Amino acid sequence: MTDKVTNWTGADDAMVENAIRRGATRRELLQLMLAGGVAASASGLILGRAGSAMAATPVKGGSLKAAGWSSSTADTLDPAKASLSTDYVRCCAFYNRLTYLDKTGVPQMELAESIDSKDAKVWIVKLRKGVTFHNGKTLSSADVVYSMNRHLDKATGSKVNSIAKQMTEIKAIDDLTVQITLANPNADLPTILAMHHFMIIADGTTDFTKANGTGAFTCEVFEPGARSVGLRNANYFKSGGAHLDSFEFFGIPDDSARVNALLSGDIQLAAAINPRSIRLVESQPGVVLSKTTSGNYTNLNMRLDMTPGDKAGFIEGVKHLLNREQIQKSALRGLAEVANDQPVSPASIYHNKDLKPKAFDPDKAKALFQKAGLIGQSIPVVASEAAGSSIDMAMILQQAGTEIGMKFDVQRVPSDGYWSNYWLKAPMHFGNINPRPTPDILFSLLYASDAPWNESQFKSPKFDSMLIEARGLLDIAKRKEIYNEMQVMIADQAGTAIPVYLSNVDAISAKLKGLEANPLGGMMGYSFAEYVWLEA
Amino acid sequence: MNRHVLNLVLARLMIAVITLLIVSFTVFAATVLLPGDVVEVLLGQAATPEAVAGLRAAMHLDDPAIWRFIQWLGGIFTGDFGISYANNMPVADLIGPRLANSLKLAGITTLVSVPVALTLGITAAMWRGSWFDRSVTILSIGIVSVPEFMVATSAVLVFAVYLKWLPALSFANEIHTFGQLLRVYAMPVITLSFVISAQMIRMTRAAVIDTLNTPYVEMALLKGASRKRLVLKHALPNALGPIVNAVALSLSYLLGGVIIVETIFNYPGVAKLMVDAVSTRDLPLIQTCAMLFCIVYLFLITTADIIAILSNPRLR
Amino acid sequence: MVRSFFSLRAAGYRFNLVGLIGFCLVAGWAIVALSAPLIIPYPIGEIVDYDYFGPISGQFWLGSDYLGRDILSRILMGARYTVGISLLAVMISCSVGVTLGMTAAVIGGWLDTLLSRFLDALNSIPSKLFGLVVVAGIGSSIPVLVCTLAVIYTPGAYRFARALSVNINTMDFVTVSRARGEGTFFLIRSEILPNIIGPVLADLGLRFVFIVLLLSGLSFLGLGVQPPNADWGALVRENIGGLPFGAPAVMFPSIAIASLTIGVNLLIDNLPQKIRDRSQ
């Protein structure tokens with residue numbers, strides 16, 4: 001969301017835009033910015049932004065090739081099972097949701113015309129008229145009821161079962177009206193419905209070898225682990241429809257290979273490039289970068305019910321021993337924002353700005369470890385490629401520990417099976433949490449006493465009651481107050497150290513226009529296919 | 001002689017079936033031993049105990065693993081390789097197009113690398129100790145000691161990013177002319193040839209030199225045979241056994257071992273499929289891939305053994 | 001290693017120049033491996049440079065890596081793992097493989113069939129699956145890593161040695177020896193081994209290269225060298241992003257691998273005649 005570069009102000013943005021209008025070359029612009037004291041590695045991001053601000057009118061036609069970072073035989077067209085970025089991209093192209101989040105994180109209507117509630121408990125969803133599926137069927141309330149109910153059926157294997165569970169009843173009022181009843185009031189429902197898993201499929205669909213949705217593209221080819229091809233849907237309900245004639249999407253897991261494919265012109269979009277590739281991409285003409293900080297983070301979990309996390313002072317010591325600035329600068333090359341040990345990112349309006357990150361203070365950490373009687377002991381820390389950057393973070397902690405006589409034994413384990421074997425289980429391990437649209441979802445999934453993924457086994461009855469109280473409040477200011485206090489509780493009491501929020505940088509061909517940042521993630525919250533166009 | 005070979009082939013076929021069964025069971029046992037199952041992998045971070053139980057029941061994974069294995073085994077005799085757990089598609093459909101891709105890549109690589117490697121190995125042996133021999137040694141070891149991902153990435157950087165002569169990705173489905181074929185396969189084939197040639201060059205050289213030292217070849221030398229004749233006529237046939245074995249071992253790498261090339265060039269083949277299958281604990285897919293690799297491997301080494309026997313009159 | 005070299009020399013074994021170069025490369029790296037902790041300029045885990053993929057400089061002789069750590073220190077420490085583990089693993093796999101191969105060729109019959117098919121089957125198990133099962137079942141440590149590498153490369157060594165031995169086994173002098181009533185052990189040691197030692201050593205040299213490379217692959221499966229330590233292959237891999245910049249961080253580990261593997265193979269190719277030849 002935010003594009004923070006030190007020493008860079010709105011006035012500088014204007015200067016660059018003016019320079020572009022005057023026809024300045026890229027080299028001149030770089031000199032301009034270097035003179036202004038902006039690091040060269042960051043300047044590409046600014047160019048990209050200034051460039052998109054000058055975007056021309058969309059061009060119809062053309063075919064786009066784009067690459068994500070992962071793809072496997074587990075790729076799916078079933079929105080309920082979607083788990084990787086590639087799945088989200090496909091779902092966004094072939095299906096629609098009731099709502100979607102705009103670039104400021106506010107829910108907007110898509111298949112729904114309106115979603116209203118008086119008490120935040122019983123919600124009335126009115127559907128848009130005249131929307132058709134790819135096979136010609138007209139969208140009706142039965143499709144929405146079917147799509148929602150699937151998440152409640154264990155046999156579906158829905159990823160959002162734990163969130164969908166609060167919908168106690170989903171029923172059709174008439175052909176275009178659905179009533180959703182919640183177990184407890186929840187003012188966030190429109191935002192929840194914007195999650196990728198809540199895409200609407202046709203009533204009775206069980207076969208997901210081809211996609212039958214209402215989306216801007218029809219599914220032409222779907223080969224799991226290989227590629228997907230979408231063709232422009234001529235009958236799309238949004239006026240104008242997609243700009244592209246077709247798009248092809250696949251995963252190239254190798255960081256360098258993905259960037260190289262973009263530089264050679266084989267693809268026009270390379271998602272999530274490695275921070276260290278920026279210097280390379282910068283030096284090439286015809287490529288721009290798009291940065292998003294959406295609240296994805298890699299965190300160090302210390303279980304409060306196991307040694308050493310149960311020793312008073314240990315967790316606080318680790319939080320002071322994590323050199324956040326070094327993690328941000330060296331491990332992530334600036335593509336991160338220093339975090340304050342709680343999961344609500346600055347991209348959210350509920351982020352507590354007054355809660356400062358714990359300072360890097362090895363002496364204080366040493367005193368705390370001494371008090372806990374842990375100095376000199378070897379403490380295992382489990383890290384894996386599965387949790388992005390965790391090995392680098394572990395090594396930075398390890399080195400800081402060496403200097404005060406603490407021995408952290410970094411154990412690199414396979415990414416294969418990491419989530420079922422080590423995550424939540426080892427006494428001290430890393431996790432990686434994807435962005436969620438609301439603090440309520442984050443807290444209920446990760447910090448409530450009965451949370452399914454309570455990473456550090458943090459239990460606080462006070463926290464639980466605050467969570468329920470805030471959920472039913474339609475008054476945003478009051479909610480913010482409660483959420484602020486909850487963030488302080490997490491930062492001080494939970495065993496989860498969150499050193500930085502990670503940024504995502506997509507590299508795109510300068511010919512690709514219309515890509516904007518989105519709080520749901522990179523590639524425009526994975527929905528780029530519908531909105532972008534290719535300049536001739 | 002022919003009958004001897006025929007008997008050998010028949011015996012090997014029978015043993016091959018047994019080997020396949022053993023490998024199949026070992027792979028099955030290994031997969032079951034691995035922590036985590038397909039349901040936990042599919043649900044990932046969303047794998048709460050009740051969600052796991054629900055999906056496991058829905059996917060009929062509650063039957064004992066050994067029973068599912070026996071069912072799968074029974075299925076292959078009727079030509080049914082089962083349904084992938086991960087995406088509900090028939091395994092045969094998943095493997096089919098990718099196997100064709102893999103075989104194409106392996107075939108082209110074989111055609112390119114085997115003649116070159118054998119020629120280099122034999123000539124190096126012929127002029128053993130010369131500058132030519134030494135440079136072949138240093139080059140072949142130097143090349144094979146560069147990690148595969150580095151060879152591939154360097155090639156892409158030079159030929160695709162800077163020179164823009166070749167595409168960085170290999171889209172096998174976009175080949176219509178011979179020129180396109182060359183462009184698409186050039187880099188993957190060169191990378192793979194780098195990897196597998198060293199073994200063939202070195203082993204050929206060593207085996208030929210070794211036979212040059214045998215009394216029988218020394219005799220020919222005394223009789224005044226030329227160096228070329230000595231190597232081609234006398235040493236080579238005797239060295240053929242070890243050479244074809246080295247070739248077979250090298251080629252066996254081309255199906256299951258090319259994961260890096262498949263990943264970097266985005267070439268959908270069976271190696272990536274197998275790695276995916278292991279990651280998702282997709283038993284029918286793992287089994288079928290493992291069988292496939294095993295069959296190819298057995299075919300290669302059995303061919304090597306037969307050539308070895310035919311080339312040595314004393315073994316017939 | 002150094003002492004044995006001099007005693008060999010005294011006994012009349014002489015290297016030629018190329019062999020000597022190979023020997024010096026290998027011995028040099030062995031000395032580095034042994035003395036690494038004493039000579040590294042910086043702790044291997046410490047971030048000493050705020051830049052990444054830094055160039056060669058007076059402060060960092062071989063530049064800095066992707067995190068800004070000193071690459072010279074990392075290569076020197078990495079020598080311990082790459083040289084030590086690979087040499088040990090190649091010795092085990094080749095001695096086991098070659099011994100079994102010769103035995104199978106000499107004895108033949110059921111033993112041969114059984115061994116051959118068993119090792120074929122072993123070779124057919126995908127190495128990723130194998131590595132994962134080992135990590136899950138036994139855990140990760142250096143001895144486990146060495147054994148895993150040895151197991152993966154034994155079948156190949158066996159197959160090649162057997163193919164060579166079968167040919168020798170049909171030679172007249174072996175038949176004569178057998179007719180004299182010599183035992184299997186004698187046949188293997190005195191008749192077969194001296195006649196196949198050349199190709200077997202060449203095979204060993206190559207297998208060494210493969211092991212050096214696979215080492216880093218296994219580290220990434222979680223089986224093997226643990227952070228902040230890294231073997232050379234892992235150094236290349238973690239710094240591959242520096243390739244487009246020609247970063248020393250990716251070049252020098254590759255050069256280190258090449259120099260070691262070429263050294264080993266030159267040494268093997270140019271071993272003194274007495275070791276290499278069958279005349280004794």
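What distance separates the centres of domain 2 of chain A and domain 4 of chain A, taken over C-alpha atoms? In this predicted model, the separation is 33 Å. Chain A is divided into domain 1 (10–55), domain 2 (96–212), domain 3 (217–293 + 503–534) and domain 4 (297–502).

Between domain 2 and domain 4 of chain A there is 1 salt bridge. The side chains of A:Asp188 and A:Arg479 form a salt bridge with an N to O distance of 3.1 Å. On the side of domain 2 of chain A that touches domain 4 of chain A, helix H6 (161–164) and helix H7 (189–192) of chain A each contribute at least two residues. The residues on that side of domain 2 of chain A comprise 7 nonpolar, 3 polar and 2 charged.

The two interfaces are listed below.

| Interface | Residues in contact | Buried area | Carbon and sulfur share | Polar contacts (both at pLDDT 80 or more) |
|---|---|---|---|---|
| Domain 2 of chain A and domain 4 of chain A | 12 residues of domain 2 with 11 residues of domain 4 | about 980 Å² | 66% | 3 residue pairs |
| Chain B and chain A | 45 residues of chain B with 45 residues of chain A | about 3400 Å² | 57% | 7 residue pairs |

Between chain B and chain A the count is 0 salt bridges. Several helices of chain B each supply at least two residues of the side that touches chain A, among them helix H3 (49–58), helix H5 (91–126) and helix H7 (148–162). The residues on this side of chain B divide into 25 nonpolar, 12 polar and 8 charged.

Technical notes:
Residues numbered from 1 in each chain as written. Chains lettered and ligands numbered in written order. Predicted model: local features only at pLDDT ≥ 70, side-chain atom pairs only at ≥ 80, totals over all residues. Heavy atoms only, no water. Domains from an automatic or database assignment. Contact = heavy atoms within 4.5 Å. Buried area = accessible area lost by both parts, 1.4 Å probe. Salt bridge = Lys/Arg side-chain N within 4 Å of Asp/Glu carboxyl O. Polar contact = N/O pair within 3.5 Å; in protein donor to acceptor, adjacent residues only side chain to side chain. Helix = DSSP H or I, 4+ residues; strand = E, 2+ residues; numbered from the N terminus. Nonpolar A, V, L, I, M, F, W, Y, C, P; charged D, E, K, R; others polar.
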